[in-house]
Amino acid sequence: MNQQPTLELGNVDFERISRLVYDHCGINLHDGKKELVKARLGKRLREGQFRSFKEYFQYVTSDDGTDELISMIDSLSTNLTYFFREESHFRALGGIVSGWAKEASEKHRPLSLRFWSAGCSTGEEPYSLAMTLRECLDDPRAEIHIVATDISTRVLGSAVKGIYPREKLKNVPPDRLRRYFQIGSGAYDGHYRIKKEIREMIRFSRFNLMTVPPSDFLFDVIFCRNVLIYFDKETQAALIQRFYHCLNKGGYFFTGHSESLTGLDHTFRYIEPSIYRK
């Protein structure tokens, strides 16, 4: 009979796991997160029949444990989001993009814009972006590209499908539900799916914010909201500089309402709370 896994998470093992997660993706798992780590990784231990957190750590840091390391990061990533979260951001975005469209029209030049939803979770944010852009742009020639990234393969899989239970749509007004969603039936009763023309506006991909973006990661607007709070000040400062270099001149950077660049060394111009410009 197999021995039951030892699920006690000692301080040494917690510190090792915390350091591994920090080194891999910058997430700061301080002492207050110990019980969260124990609860979320306990399932991984049981499924993999590991006898202790020490044995699990040894596996995920071995050559054979690469896939499990990704699953571990998935388990420890917090992915709370919903459609049109912090709605004032989408109103502000609509005004910004409408201004760009008017300028392009007056100068008789085509409009081409690129957006990055960094830490997109299960997709509600980039889909909200796409809907907003559909509503504020009436030029069919406008080229819109939305890149949505997350470190979690699990949430990206959900985002690509674009299927959500009814309770996830509480912030979506009826007219948007009719315009952008299909009602599910049968096995998908009580669910809605984002329509194809909105899904096709977005390219989802896995990306670790700790890595240097490729040279073609240049955008007019970057949303990185409610993500910085998971990093320490040093990592936040490095990320802010990275986002700055990923923006075109005059581009905008959106953070979460609970986040601030105060106290961080940066060259962004403050526009209003949680909105900055290059």
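A: Happy to, and keep in mind that this is a predicted model. Let's start with E103, which is partly exposed because its relative accessible area is 32%, between the 20% and 50% cut-offs.

Q: Which side chain does E103 meet in a salt bridge?
A: The general idea is that side chains of opposite charge can pair when their charged atoms come close. Here the side chain of E103 meets that of K107, at 3.2 Å from N to O. K107 is exposed, with a relative accessible area of 52%.

Q: How far apart in helix 1 are R19 and D23?
A: An α-helix has 3.6 residues a turn, so residues three or four places apart point the same way. In helix 1, R19 and D23 are four residues apart, about one turn of the helix. Their side chains form a salt bridge at 3.3 Å, N to O. R19 is partly exposed at 48% relative accessibility, while D23 is exposed at 51%.

Q: What about R225 and E125: are they buried or exposed?
A: Both R225 and E125 are buried. Their side chains meet in a salt bridge of 2.8 Å, N to O. R225 lies in the loop between strand 7 (219-223) and helix 10 (233-245), and E125 in helix 6 (residues 124-136), so this pair ties together parts 100 residues apart in sequence.

Q: Which residues are linked in a network of salt bridges?
A: R44, E47 and E68 are linked in such a network. E68 is one of the buried residues of helix 4 (residues 66-76), and what covers those buried residues includes helix 1 (11-25) and helix 2 (34-48).

Q: How many salt bridges are there by this rule?
A: The count comes to 13.

Definitions and conventions. Residues numbered from 1 in each chain as written. Predicted model: local features only at pLDDT ≥ 70, side-chain atom pairs only at ≥ 80, totals over all residues. Heavy atoms only, no water. Buried < 20%, exposed > 50% of the residue type's maximum accessible area, 1.4 Å probe, protein only. Helix = DSSP H or I, 4+ residues; strand = E, 2+ residues; numbered from the N terminus. Contact = heavy atoms within 4.5 Å. Salt bridge = Lys/Arg side-chain N within 4 Å of Asp/Glu carboxyl O.
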